[in-house]
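Here's a quick briefing on ring pairs and pockets. Have the viewer open while you read.

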Amino acid sequence: MASCTFFGHRDTPEDISQRLEEVLTELILDYGVNKFYVGNQGNFDRTVKGTLQKLKEKYRFIDYSVVLAYKPRSPEKSGSENDCDTVYPDFLRRVPYRAAIIKRNEWMIKKSDYVVTYVEKNTGGAARFKELAEKKGKKVINII
């Protein structure tokens, strides 16, 4: 059983979905990845979530979770949505607001064997977490 997380630019174009689906299918079928962690900030995360919803119809054994950086304000946002769990790691309650996304992303890297990225530029959060995942010895696949 292996797991995967994702980092990409907020303004990632939606036309990456075919390439993303190919990479995820390979991870599922060839590398035994069956657990996925995705954030909820920006277009890259939305595209990943949509692709995972589609793949879940074909590969019922996979699971994916939307990992929140901030505690949900209303109960309906903390439950399941469309075959995926919404996760708010408990330790984030003690993290300052400005550091929540950073700590959430570090947690997702720690939980994952593979990291799929869409990083075009060497600046910004996506590039920072791609580099951190590489330093931590994770298998990083940049789908550019």
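Six aromatic pairs turn up in this predicted model, and two of them are spelled out below.

**Aromatic pairs**
- Phe7 and Phe129 count as stacked, because their ring centres sit 5.4 Å apart and their planes meet at 25°, under the 30 degrees cut-off.
- Phe7 belongs to strand E1 and Phe129 to helix H4, so this pair ties together parts 122 residues apart in sequence.
- Both of these Phe residues, Phe7 and Phe129, are buried.
- Tyr70 and Tyr97 are stacked too, since their ring centres are 4.5 Å apart with planes at 25°.
- Tyr70 sits in the loop between strand E3 (63–67) and strand E4 (85–87), while Tyr97 is in the loop between E4 and H3, 27 residues apart.
- Tyr70 is partly exposed at 28% relative accessible area, whereas Tyr97 counts as exposed at 63%.

**Largest pocket**
- Its volume is about 540 Å³.
- Of its 22 lining residues, Asn40, Gln41, Leu68, Tyr70 and Pro72 lie nearest the centre.
- Helix H2 (residues 43–58) gives the most to this lining, with three residues.
- By class, the lining has ten nonpolar, four polar and eight charged residues.

**Second largest pocket**
- This one has a volume of about 310 Å³.
- It has 18 lining residues, with Gly8, Ile101, Asn105, Gly125 and Ala126 nearest its centre.
- Strand E1 (2–8), helix H3 (100–111) and helix H4 (125–135) each supply at least two lining residues, and H3 has the largest share with five.
- The lining splits into seven nonpolar, seven polar and four charged residues.

Key
Residues are numbered from 1 along each chain as its sequence is written. This is a predicted model: local features need pLDDT of at least 70, side-chain atom pairs count only at pLDDT 80 or more; totals for chains, interfaces and linings use all residues. Side-chain values use heavy atoms; hydrogens and water are left out. On a 1 Å grid over the protein atoms alone, a cavity is a set of points where a 1.4 Å probe fits but cannot get out, and a pocket is an open set with protein on both sides within 12 Å along at least five of seven lines; lining residues have an atom within 4 Å of a point. Grid points are joined across faces, edges and corners, and a volume is the space filled by probe spheres set on the points. Helices (H or I, at least four residues) and strands (E, at least two) are DSSP runs, numbered from the N terminus. Ala, Val, Leu, Ile, Met, Phe, Trp, Tyr, Cys and Pro count as nonpolar, Asp, Glu, Lys and Arg as charged, and the others, Gly among them, as polar. Rings of Phe, Tyr and Trp (its six-membered ring) pair if their centres lie within 6.5 Å; planes under 30 degrees apart count as stacked, over 60 as edge-to-face and the rest as tilted. Buried means under 20% relative accessible area, exposed over 50%, partly exposed in between (1.4 Å probe, protein chains only).
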